[in-house]
Amino acid sequence: LQTLHLLRRVTFGPTVAEVNRFVGMTPTEALELLLGDGTEALPDKDTESTLKDWINELDQDPQKAETTTDRFAREGIIKNRYKVLIDWIIDRMRKEDVTSGIAREKFTHFLNSFWCIEFSYDVSALMPPQLLLRHNQALRKNSTGIYQDIAKDMTLDGAFILYQSMQVSEKSAPNENFARELLELFTMGIGYNGEDNYTEVGDIQNISKVLTGWRTKHFQGEDGQNGPFNTYFKASDHDTSKKTIFGQTIPARDESENTEGQVKEEEIGKLIDDILFVERAEAISHFVCDKIYRFFVYSNAEESDGTIISGLAQEFRDSNFSLRAVYMKLFTSQHFFAPENIGIQIKTPAEFFVALDRLFGTSYGGSQEAFVESALKIYKPPNVGGWAGYRTWLSTITYPSRMHHAKAILESMSDNDLISFVQSIPEFENVDAFLSTIGEILFPRPLPEGRLFRFKNTFLLKNGITEESWFDDVESSNTDLIDNLRELLEEMFLSPDIQLS
């Protein structure tokens, strides 16, 4: 039960092989393997042929098209590439194998739901998928790393520069969007211990001045000395005046020192490393650890355990804001494995669908536009603050959608696929052992005997299939058995507790 609980929370649902790999390990032993050391390079397979033809290619800006027809054509290219990118991201989730490597994708998904970006933003603008890929890879690289590094990477991330309107922020009119959201949404929140974390007139305005002049070349015909999709610095647009933030001063600079490297180190670096993460260390640690708790333990904000979060926040500060250190402390704690914290978390759409794909070896949905739009919603947050989680994941619209796509996953499996799946289960020769294992993997808590009895005798053992004939029927791919299996799995997919982890 502990192994399954851990793997459900740190992966997109365990495969049978992954469960077998970690059974018998202590949480610490398992986490040492699952987290790695936090510095591993991205695997070579992350540069896939499906993306290589266009990941460095600048497209034409739809908003600068001279005709409606041309605009639609340009948008069509970008939207098609977005679909390919989403397929690629889902494929990373689906194909991750933690029997021989670290768990990276769930932690990337957490950061992506935190530092979230919209594909379609500012009413009609479309985010270049090339920038979304770079954004996703930056989070993947830092998935268990140092949070300050994430803050610095995202501050100069090309997708964030566009999404947060920093592309047009200049000394004569500093844009305050990202300055405010960097504090409010991504690091420290609005207030802590009854006090405001920042001031609008002083702190926000001065941070916005620090961020002036940063640009990214994202469409054809634009400037950009660092090449396509790379962030660059436009010195003439940067505010060189003195900035005071949280009582700390970034000195004014003359034009000879107004260079990309110096401003990046002496203003961006100082803002994050020496001001935000020093002057507001306690607020940041509590804010981020609360986000971690709600994503990985329980998303009901009213039920967050303040004592546990405070302990995680202390570890976060003591480890110089290492996510790996927080994850190690959380996922080896008695609190994480307490019975009351098992089976209470409503799965995100990605957790629900990708878990089924991983378990059954299917790939339904990756290329299905309706699936991506209605179910996974990657790069389609409700707002810049991301997803609220908890019960908002399920509604009279989303629950039927989940059922529809879950059934489609089952329908996508051939008869041979179903038999191969049965044979992949240890001790499948015994019908009770088979059912018990399926129940353990699909449901977050052990199924009571009465429910197992119903699954077996109402759905599995009928149409001539008996306990005595079970093994021979599997070996011969009996069509009646296959029909029974489909009915059983569909009934399991319709069970409310399959939505929990």
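**Reading cysteines, a pocket, a cavity and a helix**

Visitor: What does Cys 116 count as, buried or exposed, at 1% relative accessibility?

Guide: Cys 116 counts as buried, because its relative accessibility is 1%, where buried means under 20% relative accessible area, exposed over 50%, and partly exposed in between, with a 1.4 Å probe and protein chains only. The model is predicted, so local features need pLDDT of at least 70 and side-chain atom pairs count only at pLDDT 80 or more, while totals for chains, interfaces and linings use all residues. Residues are numbered from 1 along each chain as its sequence is written, and side-chain values use heavy atoms, with hydrogens and water left out.

Visitor: How many disulfides does the count come to?

Guide: A disulfide is a covalent bond between the sulfur atoms of two cysteines. With a disulfide taken as a pair of cysteine sulfur atoms within 2.5 Å, the count here is zero. Cys 116 is in no disulfide, since its nearest cysteine sulfur, that of Cys 289, is 19 Å away. Cys 289 is likewise in no disulfide, and at 0% relative accessibility this residue counts as buried.

Visitor: How much space lies in the largest pocket, and which residues are closest to its centre?

Guide: On a 1 Å grid over the protein atoms alone, a pocket is an open set of points with protein on both sides within 12 Å along at least five of seven lines, a cavity is a set where a 1.4 Å probe fits but cannot get out, and lining residues have an atom within 4 Å of a point. The largest pocket holds about 490 Å³, and 25 residues line it, the closest to its centre being Ser 113, Phe 295, Trp 387, Ala 388 and Gly 389. Helix 6 (105-114) is one of the helices that each supply at least two lining residues, and it gives the most, with five.

Visitor: How many cavities of 30 Å³ or more does the structure hold?

Guide: There are three cavities of 30 Å³ or more, and the largest cavity contains about 170 Å³ of space. Its lining has 16 residues, with Gly 13, Pro 14, Lys 347, Ala 355 and Ile 441 nearest the centre. Helix 17 and helix 21 (431-442) are the elements that give two or more residues to this lining, and helix 17 gives the most, with five.

Visitor: Which residues of helix 19 are buried?

Guide: The buried residues include Thr 398, Arg 402, His 405 and Leu 410. Helix 19 (residues 398-411) has 14 residues and reaches 20 Å from its first C-alpha to its last, close to the 20 Å expected at 1.5 Å a residue, the expected span being 1.5 Å times one less than the number of residues.

Key: Points joined across faces, edges and corners; volume = space filled by probe spheres on them. Helix = DSSP H or I, 4+ residues; strand = E, 2+ residues; numbered from the N terminus.
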